[in-house]
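Me: Please take a close look at a single part of the following model and describe its surroundings in a connected account.

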Amino acid sequence: MLVLGIETSCDETAASLCEVDVTDPWRVEALSSVVASQIEEHSAYGGVVPEIAARAHVEAIAPAVAQALEVTERTPALVAVTAGPGLAGSLIVGMAAAKALAWAWSVPLVAVNHVEAHAYAPLLEGTLPAHPFMALVVSGGHTLLAEVRGPDEMVLIGQTLDDALGEAYDKVAKFLGLPYPGGPVIDKLSKGADAAAIRFPRAMMGSGDFNFSLSGLKTAVIRHVDKVNSEGGELPPVADIVASFQAAALEPVVRKTVAAAEEWGLTDVVAGGGVACNSELRERLARACDKAGLRLVLSQPGLCTDNGAMVAALGAIRHAAGHRSGLDADVHPNLRFGSPMPGDRF
Ligand code: KG4
Ligand code: ZN
């Protein structure tokens, strides 16, 4: 089945055409994946400005969809779209486009939860493990661990109590005067740097649950730098500071992911979301899963960050499970992970 996926929840306007076979085992092939990034528009502000994002989506949506559709003459049989969580003004642009296309082509529309789509993105590697599996989603807005039993049964096991992991990368980078978004910059700078230069606290390591906390670490980095500066001391090179931050941020994430899979008796782990591009996280996860005898599936970096293909993939799975959205479907900026999609029709 040919599926068009549309994603506009934050600062990328994305559209993808996927060929999906929903018979067991699923197969998804992304025939196209267009991502129009707004990073330049937002970088002057050091973060995403909602009004600028919505206006940029309005400009980019039609060209992005047109380009995604160029790969074939065939008309998609399904339109999948992110309905939330995300910025209301941004979500509305993708939802309006998806409704117009579903109506024009007389094909079904299926709304998708953005964070759940990140958990299913490894499907695009053709290697999604059988249900149930442990999903780690680490992005700019979300950080969570969940047991995925199926598209309608996702059990939240732990999540951040404050900042998301990507948000912590972005805030630390901003404080140090590094460009936005901070994640990729810190990833690159940290390679070969001394991650033991400063011993930052590993938060929630012994909390006895699977939750995370990242705002204390961000504050610890700021306090350390301010203190050394005010005392006239000498800071290590910025690469060593960010590598030390990264080590403290990633250690609890990797440890808890493996511990959660073991405690919940799961043998397969997947990781998605923008921070799953991070080379240090990928290496640490691979090593830890290997040691624990767990199978790990990581999306290729281009499919970890926001994209339309993950929306098409989960949309097809939800469609196969009987979900449909009406042309009166709404957006849900605060949609919770694992909650039913409001207004869904079976
Ligand atoms: O999934 P995503 O594209 O959008 C959200 O749903 O939030 O994730 C964006 C986040 C940003 O915080 C960005 O800094 C982070 O992912 N990120 C990275 C890397 N690439 C993107 N963080 C660490 N290392 C990377 N290589
Ligand atoms: Zn995302």
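Which backbone oxygen does the side chain of Thr8 reach?

Reply: The side chain of Thr8 reaches the backbone oxygen of Ser90, at 2.7 Å. This is a predicted model, in which local features need pLDDT of at least 70 and side-chain atom pairs count only at pLDDT 80 or more, while totals for chains, interfaces and linings use all residues. Residues are numbered from 1 along each chain as its sequence is written, chains are lettered from A and ligands numbered from 1 in the order in which they are written, and side-chain values use heavy atoms, with hydrogens and water left out.

A polar contact here is a pair of N or O atoms within 3.5 Å; within protein, one must be able to donate a hydrogen and the other to accept it, and residues adjacent in sequence count only if both atoms are side-chain atoms.

Thr8 belongs to the loop between β1 (2-7) and β2 (12-21); strands are DSSP runs of E with at least two residues, helices runs of H or I with at least four, and both are numbered from the N terminus. Thr8 is buried, with a relative accessible area of 1%, where buried means under 20%, exposed over 50% and partly exposed in between, for a 1.4 Å probe and protein chains only. Neighbours within four places in sequence aside, Thr8 is in contact (heavy atoms within 4.5 Å) with Thr13, His57, Ile61, Ser90, Leu91, Val93 and Gly94.

Ser339 is located in the segment after α11 (309-320) and is partly exposed, at a relative accessible area of 28%. A polar atom of the Ser339 side chain lies 2.9 Å from the backbone oxygen of Arg336. Between Ser339 and Val49 there are 27 Å in space, C-alpha to C-alpha, and the two are 290 residues apart in sequence.

The surroundings of the ligand complete the account. Ligand 1 is surrounded by 19 residues (each with a heavy atom within 4 Å of the ligand), and the closest are Gly140, Asp170, Asp187, Gly274 and Asn278. The helices α4 (114-120), α5 (165-175) and α6 (182-190) each contribute at least two residues to this shell. An N or O atom in the side chain of His114 is 3.1 Å from an oxygen atom of ligand 1. A polar backbone atom of Gly183 is likewise 3.1 Å from an oxygen atom of ligand 1, and for a backbone N or O atom of Gly274 the distance to a ligand oxygen atom is 3.0 Å.
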